[in-house]
Amino acid sequence: MAGKVIVEAHQMFGNVKTKVFVDGEENCVLLGGEKTTIEINKDVQIGAKVFINPKNKEVTAKNNEVTKLLITKAKGVMVTTIVSTAPIDMYDMEEEYQESPIYDLKGARGRSLKVFDNKCVIATKANLVSFATGNGSDGEKTIYYSDVLGVQYKRCGVQLGYLQLETASSTMNNRTDNFFNENSFTFDADLDIIMEEVQKFVKKKVDEAKKTKNAPIVVAGASSSADELKKFKELLDMGIISQEEFDAKKKQLLGL
């Protein structure tokens, strides 16, 4: 069985390109948010280069295993890290692939934000800053796009920036201020660029969820009265039901 390497260009923005190498040879080029899966038939050295980090940091990807790499932004430089490595027969590849966050950000006041294809997870780390703002006990909150009524976004300026997901349910901390509400992710100026991308992605997903939620329900396989009547006529012709039974069913179906 061939091994697999999942490579994600995560938290990239603009036209930053990531070159992926397998045994020293360029395999593909990814932009921010793009992913690729590479099949391997032997142990290989795999790595990635970006323009800010010209060094090719390689790791060994083994045959019969799934190696997952994440190319991400950390403190102004691009680095390559291993997220997970596991034998291929023990690895639920589809589930792991879907559950990998598209964005994974650390914000201000102990806040963190993980953005998935169907939800956002906002968490607050208990520390001196979060306790001082009254958010120390907020914990982790999962908000599905289908439950979001509106999205508020403010770029960082004199005050912190924030992304808030408004829902119909009440919040546990009862804080209505956009900067302290548990449905808000607050961030400093160093995340301004990536947050522009994040808020557009979230708004798009919320819009898609609303369209799906409001779409008319179509019952698959629902038969019309004419189809039902045809079936009973065939039963009549076969002698399975009597004329009286057919007439009674005909009146029922036609509402007579």
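Three strands, in the order β13-β14-β15, make up an open antiparallel sheet. Here two strands count as paired if DSSP finds at least two bridges between them, while strands (E, at least two residues) and helices (H or I, at least four) are DSSP runs numbered from the N terminus. The edges are taken by β13 (148-154) and β15 (184-187); each has a single partner strand, so one side of each is left without a neighbour in the sheet. On average, and with direction ignored, neighbouring strands of this sheet are turned by 5° against each other. Such angles run from 0 to 180 degrees between N-to-C directions, with axes taken as lines fitted to C-alpha atoms, for helices over the stretch in contact.

The model is a predicted one, in which local features need pLDDT of at least 70 and side-chain atom pairs count only at pLDDT 80 or more, whereas totals for chains, interfaces and linings use all residues. Residues are numbered from 1 along each chain as its sequence is written, and side-chain values use heavy atoms, with hydrogens and water left out.

L163 has F185 of β15 as its bridge partner. Helix α3 (residues 192-214) packs on this sheet and touches β13, β14 and β15, its direction making about 165° with that of β13; contact is taken as heavy atoms within 4.5 Å.

Q164 lies in strand β14 and is buried, with a relative accessible area of 6%. The classes used are buried for under 20% relative accessible area, exposed for over 50%, and partly exposed in between (1.4 Å probe, protein chains only). The side chain of Q164 is joined to that of S184 by a polar contact of 3.3 Å. A polar contact is a pair of N or O atoms within 3.5 Å; within protein, one must be able to donate a hydrogen and the other to accept it, and residues adjacent in sequence count only if both atoms are side-chain atoms. N183 is placed in the loop between β14 and β15, and at 3% relative accessibility N183 also counts as buried. A polar atom of the N183 side chain lies 3.1 Å from the backbone oxygen of L165.

A second open sheet has four strands in the order β9-β10-β11-β12, again with antiparallel pairing. Its edge strands are β9 and β12 (140-144), each of which pairs on one side only. Neighbouring strands in this sheet are turned by 15° against each other on average, direction ignored. Four bridges hold β9 and strand β10 (residues 111-115) in an antiparallel pair, where L105 stands opposite L113 of β10.

Next come the aromatic side chains. Searching the whole structure gives three aromatic pairs. Rings of Phe, Tyr and Trp (its six-membered ring) pair if their centres lie within 6.5 Å; planes under 30 degrees apart count as stacked, over 60 as edge-to-face and the rest as tilted. One of the pairs is Y103 with F201, whose ring centres are 5.9 Å apart and whose planes stand at 65°, so the pair is edge-to-face. Y103 in strand β9 (residues 103-106) and F201 in helix α3 are 98 residues apart, and the pair thus links distant parts of the chain. Both partners are buried, Y103 at 6% relative accessibility and F201 with a relative accessible area of 17%.

Another pair is formed by Y153 and F187, with centres 6.2 Å apart and planes at 15°, so the rings are stacked. Because Y153 lies in strand β13 and F187 in strand β15, this pair ties together parts that are 34 residues apart in sequence. F187 is buried, at 0% relative accessibility. Together, Y153, F185 and F187 form one aromatic cluster.

For the protein overall, there are five helices and 15 strands. Of the 256 residues, 41% are buried. Among contacts between residues at least 6 apart in sequence, 52% join residues at least 24 apart.
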